[in-house]
Amino acid sequence: MTTPPAELELAVDGGALRVLRFGEGPRTAVAAHGITASGMSFRALARHLPPDWSLFALDLRGRGGSAAAPGPYGFDTHAADLCAVAERWGGGARVALAGHSMGACVALRAAARRPELFDRLLLIDGGLPVPAAPDADPDALLDASLGPILARLSRTFDSDEAYVSQFRAHPALGPDWNDDIEAYVRYDITGPEGARRSRAQEGPVRRDGRELLASAAALAEDLAGLSVPTKVLYAPRGTTGTEPGVLDAGLVAHWTSRTSLLTAEAIPECNHFTLLMSGTPAKTVADRLVSMA
């Protein structure tokens, strides 16, 4: 049985953030999750780290155990919070840094702004600039790309099992369902009996989603300013479990050819979620994090 993570608190102005600690080792990694996820999404990865490692996975403001934390939101605030985790639990040494999906953008921003805190950066199926059309409406793009996710955040469910069932039916999760995915889903449940719902708050998610869709220029600046070894791992299948992936090979090649400290690797037989939360892919991600430096 996997040992549950320790639930820690990071004090911030006006409240506190939840930080999940996996492991007891002195070697430290810190991590940021995707746009509606939580630190529990790193459970499988953490289990595959060597015993001398600890992973501190932050619940970003407006999600998980940090759902009630005050704003502001956005990449700058999340990156500052991630840096605060590194300073609080890094033992005075430079630490490893990882981020998945939108969390990869947050981790990239943290590494670009505070490189003295980190000795490596692992971008997991995210973090690379994806230009949008200059005349695109961010809100229209947001509804088109995140519409079903945003709709889920406003729904309530009669029971925990009903909430879990919607994830079991997800085409990118159901075929690879395991204890790590179930633990991740159950950690996300809150609300009174008969009206269970996601901990993720729609307001912060919308705020961060707009920034994500308009972030290409800022992320390109972050990449240009990198001074720590960085690797991007990407999946061949996307958020619906089908091709193409969130990051295609052409996009990855474009940015690795322009960023001296950036390398990349495609991880086979996975999608955007199972890359982090399923068996062999999660072990590969853990191995790459450990072996980068």
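**Strand E3 and the cores**

Student: Let's start with strand E3. How many of its residues are buried?
Tutor: This is a predicted model. In it, E3 covers residues 27–32, and six of its six residues are buried. The strand is mostly covered.

Student: Which residues point which way from E3?
Tutor: Arg27, Ala29 and Ala31 point one way. Thr28, Val30 and Ala32 point the other way. All are buried.

Student: Why do the side chains alternate?
Tutor: In a regular strand, side chains alternate between the two faces of the sheet.

Student: Which way does E4 run with E3, parallel or antiparallel?
Tutor: Parallel. Six bridges join E3 to E4, which is residues 53–58. Thr28 stands opposite Ser54 in E4.

Student: And E5? How many bridges there?
Tutor: Four, again in the parallel sense. E5 is residues 95–100.

Student: New topic. How many residues are in the largest nonpolar core?
Tutor: It has 50 residues. Val30 is among those with the most contacts inside it, and so are Leu97 and Leu121.

Student: Which helix gives the most to this core?
Tutor: Helix H3, residues 102–113. It gives eight residues.

Student: What is Leu121 in contact with, leaving aside neighbours within four places in sequence?
Tutor: Its contacts include Leu97, Ala107, Leu108 and Ala111. Leu226, Val228 and Met292 are also among them.

Student: What about the second core? Which residues does it include?
Tutor: It is separate and has 38 residues. Among them are Phe22, Ala37, Ile124 and Ile267.

Notes
Residues are numbered from 1 along each chain as its sequence is written. This is a predicted model: local features need pLDDT of at least 70, side-chain atom pairs count only at pLDDT 80 or more; totals for chains, interfaces and linings use all residues. Side-chain values use heavy atoms; hydrogens and water are left out. A nonpolar core is a set of buried Ala, Val, Leu, Ile, Met, Phe, Trp, Tyr and Cys residues joined through side-chain atoms within 4.5 Å. Buried means under 20% relative accessible area, exposed over 50%, partly exposed in between (1.4 Å probe, protein chains only). Helices (H or I, at least four residues) and strands (E, at least two) are DSSP runs, numbered from the N terminus. Contact means heavy atoms within 4.5 Å. Two strands pair if DSSP finds at least two bridges between them.
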